[in-house]
Amino acid sequence: IKIYSLHVDCKVTSRFAHTVITSKIVNQANESREATFEVELPKTAFITNFSMSIDGKVYPGIIKEKASAQKEYDTAVSHGQSAGLVKITGRKLEQFHVSVSIAAASKVTFELMYEELLKRQLGKFELLIKVRPKQLVKHFQIDVHIFEPQGIRFLETGSTFMTNELTEALTKVQNETKAHILFKPTVDQQKINPELDETLLNGDFVVRYDVKRGAAAGDIQIVNGYFVHYFAPHEMPVFPKNVIFVIDRSGSMAGRKIEQTRDALLKILQDLRLEDHFSFITFNRKVVEWKSSLLQATAENVASAAGFVQTLSASGGTDINRALLTAVSVLDKAERLPERSVSMIILLTDGQPTSGESNVEVIQENIQKAVNGKYTLFCLGFGFDVSYRFLEKMALSNGGIARRIYENADAALQLQGFYQEVATPILMKIEMQYPENAIEGLTKNNFKLFFEGSEIIVSGKISNELDLLPVEIKAQSHMSDLTLKEEANVKEKEQVFQNQSYIFGNFIERLWAYLTIQQLLEKSISAQEEDQKTLEAQALELSLQYSFVTPLTSMVVTKPTGQEQAELANKPTEAG
């Protein structure tokens with residue numbers, strides 16, 4: 001079974017990435033063989049299309065509501081249970097895997113298409129392409145086309161498998177607003193050494209970039225009546241933070257996890273700013289406060305905290321409820337904190353609540369009542385014994401986010417990286433306002449905090465014949481209350497994307513649908529049961545309308561007669 005052509009074609013238009021992977025395989029044996037298509041794609045992406053064509057006949061993937069697809073599938077395969085075609089394979093990726101039996105000398109072409117909105121983190125966008133053909137490929141090619149009307153500020157490529165020979169196969173052409181990256185290694189360049197037929201191509205191919213930012217009130221782009229508004233202020237004073245680290249030191253944290261936690265906390269302590277205030281609470285069955293109040297991050301206090309962190313050891317149960325309530329009360333009682341400051345609690349745990357209150361619903365309710373919107377709660381789940389759903393719901397209900405920390409060698413870096421993302425809040429209470437009667441389907445437009453290096457994205461549909469789209473942004477900065485205003489000329493903005501040969505269709509409409517589905521799903525996590533059903537129904541309708549494989553839909557992959565008739569591709573979630 002030989003892959004004779006593998007092409008990854010990616011078009012990024014204004015952060016929205018549309019990727020098509022085409023693999024062509026021939027069976028050179030003189031009997032039928034299994035041909036496999038295995039691709040890793042970012043977890044943040046939605047698959048939008050898949051097809052196989054065998055000797056000219058096309059077998060498409062059909063996207064349906066998950067429940068009805070599952071029912072059909074169970075009927076078709078009344079006994080044998082297939083594992084589904086998509087599974088999570090790591091921190092950032094999930095794997096799509098399908099096999100089909102093809103006759104001697106037959107050819108099959110697999111084509112997978114997925115889309116995602118690139119998220120700005122720590123000042124850059126990252127496009128990740130996983131490369132792992134497992135054999136030498138005669139025609140191997142990665143094409144990345146980027147079009148950013150705001151202008152490309154910097155662009156870099158990186159990879160985990162580059163050699164000097166392979167670097168020669170990489171070309172980068174770039175002007176003010178466009179870039180084309182081509183990676184096209186010959187068979188000889190792909191080889192680990194000239195004698196062996198083993199491939200070097202195994203790992204990540206990454207493109208990182210950022211855009212130029214001019215207007216204070218962000219940048220608006222419009223295509224076919226849909227708009228997107230990007231807002232990423234920079235070089236603003238940072239709010240002082242009041243941060244409490246709530247660290248699990250129960251028995252299951254013993255060994256490598258507690259070591260990695262210590263390493264990460266020691267680095268994080270160095271990153272605190274002088275005007276920040278901080279404290280630690282550690283917990284197992286018992287809850288221990290390092291100090292009874294928040295301390296300013298002076299050199300002396302940071303050194304003393306480092307001494308405390310180095311003594312952290314792990315044993316015993318897990319009382320998450322009391323640990324978090326203690327953290328809230330420390331913030332409630334805090335005095336002499338900077339007037340305009342941001343208060344946050346960062347919880348790190350690797351297990352289920354086993355001591356004290358162990359009913360997760362009661363814990364969620366207690367914490368939400370205690371926090372009462374005053375503070376932001378971030379929940380980091382270490383490994384796979386945590387109830388990720390519980391942590392995610394608790395974080396989202398209290399203005400924060402949850403993140404899984406994978407038990408790898410780089411766990412300390414993952415913890416540090418998370419801290420860096422939330423270390424520099426520069427705006428709070430951000431309201432993005434648009435004319436009420438002229439916009440439909442507006443995505444989330446109120447944000448509790450904005451962190452340096454990230455980006456706020458709002459999208460919607462301009463309902464009537466507007467000539468000008470006025471925008472007003474209200475927010476609080478460390479120094480003052482801000483009001484920023486901007487007016488977008490609809491006709492002019494529409495011109496920007498005319499006659500761009502590599503724009504894919506109504507990309508802002510698809511971006512709007514992608515963002516809306518993501519936000520509906522996120523909202524449903526912390527919603528009451530009744531609202532949950534409504535939110536999911538809306539997300540399902542959009543997923544079907546725009547053909548996205550989301551946690552609410554399934555793709556039914558059909559195969560030639562005589563083979564296992566249909567298989568399902570579902571979207572895995574971090575909560576499982």
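These notebook entries record what I looked up in one predicted model.

**Basis.** I worked on a predicted model, in which local features need pLDDT of at least 70 and side-chain atom pairs count only at pLDDT 80 or more, while totals for chains, interfaces and linings use all residues. Residues are numbered from 1 along each chain as its sequence is written, and side-chain values use heavy atoms, with hydrogens and water left out.

**Entry 1: the ten-strand sheet.** I looked up the strand order first. Helices (H or I, at least four residues) and strands (E, at least two) are taken as DSSP runs numbered from the N terminus. Two strands pair if DSSP finds at least two bridges between them. I found an open sheet of 10 strands with mixed pairing, in the order E12-E13-E10-E1-E2-E8-E4-E5-E30-E31. Its edge strands, each pairing on one side only, are E12 (170–174) and E31 (566–570). Neighbouring strands of this sheet are turned against each other by 15 degrees on average, direction ignored; axes here are lines fitted to C-alpha atoms, for helices over the stretch in contact, and angles run from 0 to 180 degrees between N-to-C directions. Within the sheet I noted that E10 (139–147) and E13 (178–183) pair in the antiparallel sense over six bridges. Val144 stands opposite Ile181 in E13.

Entry 2: Contact means heavy atoms within 4.5 Å.

**Entry 3: the three-strand sheet.** I recorded a second open sheet, with the order E3-E7-E6 and antiparallel pairing. E3 and E6 (86–88) are its edge strands, each pairing on one side only. Its neighbouring strands are turned by 25 degrees against each other on average, direction ignored. E3 and E7 (93–102) are joined by 10 bridges in the antiparallel sense, and Pro42 stands opposite Leu93 in E7.

**Entry 4: the second largest pocket.** How much space lies in this pocket? I read about 380 Å³. On a 1 Å grid over the protein atoms alone, a pocket is an open set of points with protein on both sides within 12 Å along at least five of seven lines, a cavity is a set of points where a 1.4 Å probe fits but cannot get out, and lining residues have an atom within 4 Å of a point. Grid points are joined across faces, edges and corners, and a volume is the space filled by probe spheres set on the points. The pocket is lined by 21 residues, with Ile3, Leu6, Glu38, Arg132 and Pro133 nearest its centre. E1 (2–13), E2 (16–26), E3 (33–42) and E9 (125–131) each supply at least two lining residues, and E3 gives the most, with six. By class I found 12 nonpolar, three polar and six charged residues. Ala, Val, Leu, Ile, Met, Phe, Trp, Tyr, Cys and Pro count as nonpolar, Asp, Glu, Lys and Arg as charged, and the others, Gly among them, as polar.

**Entry 5: the cavity.** I found one cavity of 30 Å³ or more. The largest cavity has a volume of about 100 Å³. Its lining includes Phe245, Ile247, Thr261, Ile346 and Phe418. E17 (241–248), H4, E21 (342–349) and H9 (411–422) give two or more residues to this lining, and the largest share, four residues, comes from H4. By class the lining has 11 nonpolar, one polar and no charged residues.

**Entry 6: helix pairs.** I next examined H4 (256–271) and H5 (299–310), whose axes come within 10 Å and cross at roughly 175 degrees. H4 and H5 are therefore roughly antiparallel to each other; the classes are under 35 degrees for roughly parallel, over 145 for roughly antiparallel, 65 to 115 for roughly perpendicular, and oblique for the rest. Their contact includes Leu265 and Leu269 of H4 and Val302 and Ala306 of H5. Its residues divide into seven nonpolar, two polar and one charged.

H6 (320–333) and H7 (360–371) pack at an angle of about 0 degrees, with their axes 10 Å apart. That makes H6 roughly parallel to H7. Among the contact residues I listed Leu324 and Val328 of H6, with Ile363 and Ile367 of H7. This contact holds seven nonpolar, two polar and no charged residues.
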